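Thanks for coming, everyone. I'll take a few minutes on one structure. Have a look at it first.

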Protein chains: 2
Amino acid sequence: MAFLARSTLRLRATSRFPVAARTLTTSPHLRAAAKPYFADEPSAPKVVTAIPGPKNKAATAELDKVFDVRSLNMLTDYTKSIGNYCVISSYAQIASIPVASSPEMVTALINRPALGNFPSADWAHVLNTGILKVAPKGLDQVFTAMAGSDANETAYKAAFMYYRQQQRGGPQAEFTAEEIETTMNNHLSTTRSKAIHKMDIPAFDWPQAPFPSLKYPLEEHAQENAQEEQRCLQEVERLIKEFHNPVAAVVVEPIQSEGGDNHASPAFFQGLRDITKRNNVLFIVDEVQTGVGATGKFWAHDHWNLQTPPDIVTFSKKAQTAGYYYGNPALRPNKPYRQFNTWMGDPARALIFRGIIEEIERLKLVENTAATGDYLFAGLERLAKQYPEHLQNLRGKGQGTFIAWDTPKRDEFLAKAKGVGVNIGGSGMSAVRLRPMLIFQKHHADILLESVEKIIKQL
Amino acid sequence: MAFLARSTLRLRATSRFPVAARTLTTSPHLRAAAKPYFADEPSAPKVVTAIPGPKNKAATAELDKVFDVRSLNMLTDYTKSIGNYCVISSYAQIASIPVASSPEMVTALINRPALGNFPSADWAHVLNTGILKVAPKGLDQVFTAMAGSDANETAYKAAFMYYRQQQRGGPQAEFTAEEIETTMNNHLSTTRSKAIHKMDIPAFDWPQAPFPSLKYPLEEHAQENAQEEQRCLQEVERLIKEFHNPVAAVVVEPIQSEGGDNHASPAFFQGLRDITKRNNVLFIVDEVQTGVGATGKFWAHDHWNLQTPPDIVTFSKKAQTAGYYYGNPALRPNKPYRQFNTWMGDPARALIFRGIIEEIERLKLVENTAATGDYLFAGLERLAKQYPEHLQNLRGKGQGTFIAWDTPKRDEFLAKAKGVGVNIGGSGMSAVRLRPMLIFQKHHADILLESVEKIIKQL
């Protein structure tokens with residue numbers, strides 16, 4: 001594998017799922033071995049240079065000129081990345097090739113990066129030779145978006161932040177403690193986990209109900225957890241009945257994700273369903289993070305055995321496209337153009353999702369994720385017993401690979417993970433959360449378990 | 001051209017621009033002729049069946065089962081559409097082919113439809129064999145979106161509309177006149193042209209300044225138009241200073257598009273720029289509709305000769321991707337993750353925009369649009385003199401093909417246009433607006449002018 005010599009390899013634990021699986025799994029050798037989904041997948045991560053290496057740093061500096069890189073985790077060479085492994089290096093230049101059927105396009109389609117975190121190594125080049133080539137005079141930077149509406153909305157956000165920044169006395173002025181606290185009462189976005197997402201942005205006056213704060217392992221705290229869930233359900237019903245604005249719907253994530261991977265029982269969600277039915281408000285399940293197999297079922301709410309389905313289920317991320325499902329015909333607005341925008345999605349991305357679905361079925365990837373998740377969880381339980389101070393509140397049992405735990409030195413943990421060639425993220429205040437791809441298998445789980453132990457020993 | 005026999009052809013006046021131009025213009029014959037950008041483009045529209053024809057109706061009924069078709073204009077066969085002409089027919093079935101480099105994907109990439117209006121003929125098939133194949137139990141319909149945030153936001157909109165509908169007594173209950181009037185005071189979206197877009201959706205308390213209401217032809221009403229613009233500028237400044245909430249930015253379209261193609265002079269926009277500078281608020285130019293060549297300059301605000309550039313320029317539509325440009329480094333938020341979402345755009349669409357830019361430059365399409373627009377406008381001026389009752393307030397002189405006029409029987413005009421094989425849209429209360437592609441040339445303008453006269457004679 002020539003690329004090992006010039007590159008840094010990492011175990012990739014993101015929501016990306018390559019639809020290229022088909023072409024990469026046709027070797028008879030592989031079919032016999034039946035182990036990796038990708039024949040050429042390396043057997044372990046390999047770290048060659050410091051991370052980021054000099055090439056990656058130079059390319060990041062280049063990108064920084066035109067695109068905000070402060071959320072950037074690392075530049076990734078998606079053309080050389082395989083299966084659960086991604087290649088970190090920068091490459092020089094790409095020839096101009098017919099666009100729509102080019103290898104460049106194929107790579108862009110099957111390796112859709114979270115551009116804020118993991119842009120491809122040539123993202124600056126794509127911007128500089130494309131979007132920025134026609135930048136209006138005097139404007140040399142770009143924030144890329146999905147459609148006209150969020151182009152405008154994100155522009156307004158930028159304006160609000162700039163306005164308040166001037167009032168505070170410039171970019172160096174810190175938010176006050178009061179600002180950080182009160183901004184969480186803003187209600188524009190569904191996410192409420194981080195003040196930095198909300199600061200300065202106007203918001204609607206919407207109520208927030210508490211999500212159960214359970215104790216783990218769940219089975220050891222059954223009674224008090226049930227009480228906590230009951231308390232939250234009562235508060236939801238009280239808010240529906242008493243909030244000063246009328247309530248149209250209850251929105252819930254099957255696993256509260258940005259908030260730190262907080263779980264609740266099927267009984268809790270059944271209770272929510274009952275409350276929404278009883279009060280005649282809609283029950284919206286936000287499966288943006290949990291959907292498409294990650295929890296060991298295709299939809300996380302499949303775990304709940306509801307008597308009646310949710311009214312609306314939203315999806316994105318692993319689907320590589322987005323939208324919401326519904327069944328009640330009355331949820332289609334009573335006149336046209338009430339729910340309308342120019343693009344209303346992207347057929348190219350709809351085709352990719354179809355390809356993803358076909359691969360998930362062909363390779364039984366949901367079943368794989370359920371089995372790998374159980375295996376991984378058992379290994380983490382062993383580590384939690386061995387290193388109780390570093391691996392607390394392990395959660396996600398029976399939820400596929402949607403697993404998380406708390407660790408007091410979380411940010412240090414995540415930083416050291418890169419050093420052993422593993423890319424893991426955090427959420428909430430102290431959670432380490434796993435979001436491997438659906439092609440993550442037991443032999444990858446073994447590598448991850450070894451790596452977690454290595455990291456803990458370095459803390 | 002075999003497809004003529006089995007299909008309906010129309011002159012296409014949408015914002016779509018095919019990047020396939022390169023492959024389609026390489027014949028030496030064409031280079032010699034130097035007339036159409038597409039060698040195989042038909043010489044005129046041809047209407048074979050009633051519109052919609054039986055196949056199109058059947059396919060629409062199929063799509064209606066899973067997707068709201070009430071904004072649908074017509075199902076389009078993008079695989080057979082060429083240049084300024086699109087083919088209206090339904091086709092049966094597509095074989096399963098490797099996704100990312102398939103002809104199906106190439107078509108989806110270079111022919112990005114406004115899915116609410118002009119979905120491809122196989123859109124129901126793509127949904128049924130893809131997204132809907134994994135629909136959660138009990139939910140059999142889908143609203144497609146771009147990202148998790150607008151999946152959730154559009155779901156919330158659906159919930160609000162459903163909630164209010166129940167209060168009104170069901171889907172048959174009409175909005176009251178008071179509702180239709182007061183909903184326009186809602187301020188969630190930038191668009192304020194149609195009550196139907198805003199009904200039932202909560203909104204921020206933002207001020208709306210008047211856009212100049214000018215008289216056309218502009219050169220015949222110079223003095224009173226200048227007064228009207230002055231009145232609007234004074235109102236903008238008053239609102240900035242006196243509105244009960246502080247103002248962070250002024251947002252303006254170079255040509256107020258959804259509102260009915262309302263124009264203003266460079267002096268007006270220079271005045272807006274001065275006011276925003278003087279009051280230290282940002283000047284945001286919304287070029288979602290006007291950007292990328294349609295007005296005969298790459299950006300419509302290039303017509304204004306501003307002393308200092310706008311602070312932010314937003315774009316989408318013709319760019320096939322979206323975002324905003326800025327230049328002031330202080331507009332990059334002072335901390336990371338303040339302006340962030342998972343996708344932050346789509347690299348596949350960024351590559352398409354790059355291809356579009358290359359083709360625009362290679363074929364000098366902005367210059368073509370400026371010249372074709374002048375030619376078309378002169379022809380429409382002649383028609384306006386001949387049919388003053390049907391072609392009023394002609395506007396967009398010197399603005400490329402971004403041309404519109406008022407006509408008392410607008411909806412009838414648009415309906416009859418289809419009958420002569422021309423697809424035109426409306427905006428505002430009574431405007432017919434033209435939005436041809438950048439490859440629209442003088443010989444297409446001739447066809448359009450003849451068609452407009454034909455339609456008028458039928459009214």
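Let me start with a term. Buried means under 20% relative accessible area, exposed means over 50%, and partly exposed is in between, with a 1.4 Å probe and protein chains only. Now the ground rules. This is a predicted model, where local features need pLDDT of at least 70, side-chain atom pairs count only at pLDDT 80 or more, and totals for chains, interfaces and linings use all residues. Residues are numbered from 1 along each chain as its sequence is written, chains are lettered from A and ligands numbered from 1 in the order in which they are written, and side-chain values use heavy atoms, with hydrogens and water left out.

First, chain A. Chain A has 14 helices and 13 strands. Of its 459 residues, 61% count as buried. Contact, from here on, means heavy atoms within 4.5 Å. Take the contacts in chain A with a separation of 6 or more: 68% of them join residues 24 or more positions apart.

Next, the two copies. How does chain B lie on chain A? A turn of 180 degrees and a shift of 0.0 Å along the axis do it, with an RMSD of 0.0 Å. The copies are thus related as by a two-fold rotation axis. In chain B, the C-alpha nearest that axis belongs to Ser101(B), at 2.8 Å. Both copies use the same surface: 100% of the contact residues of chain B recur in chain A. The superposition is by least squares on the C-alpha atoms of residues with pLDDT of at least 70 in both copies.

Now the interface itself. On chain B, 137 residues are in contact with 137 residues of chain A. The size of an interface is often given as the accessible area lost when the parts come together. Here the two chains bury about 13,200 Å² between them, and 62% of that is on carbon and sulfur atoms. That figure is summed over both parts and uses a 1.4 Å probe. How many salt bridges run between chain B and chain A? The count is 6. A salt bridge is a side-chain nitrogen of Lys or Arg within 4 Å of a carboxyl oxygen of Asp or Glu. Glu361(A) makes one with Lys133(B), and their closest N and O atoms are 3.2 Å apart.

On to strand β5 of chain B, residues 249-252. In a regular strand the side chains alternate between the two faces of the sheet. Val250(B) and Val252(B) are on the covered face of β5(B), while Ala249(B) and Val251(B) are on the uncovered one. β5(B) pairs with β6(B), residues 282-286, in the parallel sense over 4 bridges. Pairing takes at least two DSSP bridges between the strands. Across that pair, Val252(B) stands opposite Val285(B).

Asp261(B) lies in the loop between β5 and α10. Buried or exposed? Asp261(B) has 0% relative accessibility, so it counts as buried. Beyond four places in sequence, its contacts include Tyr216(B), Arg395(B), Arg433(B) and Arg435(B).

Most residues other than glycine have a negative phi, and most peptide bonds are trans. The bond from Tyr216(B) to Pro217(B) is cis, with omega near -5 degrees. Pro217(B) sits in the loop between α8 (177-182) and α9 (222-242) of chain B. In chain A, the bond from Tyr216(A) to Pro217(A) is also cis, with omega near -5 degrees.

Two residues have positive phi. Lys364(B), not a glycine, has phi of about 50 degrees. Lys364(B) is in the loop between α11 (347-362) and α12 (365-386), and is exposed at 52% relative accessibility. Asn393(B) also has a positive phi, near 50 degrees. That residue is in strand β9(B), residues 392-395, and Asn393(B) is partly exposed at 32%.

That's my tour. Questions, please.
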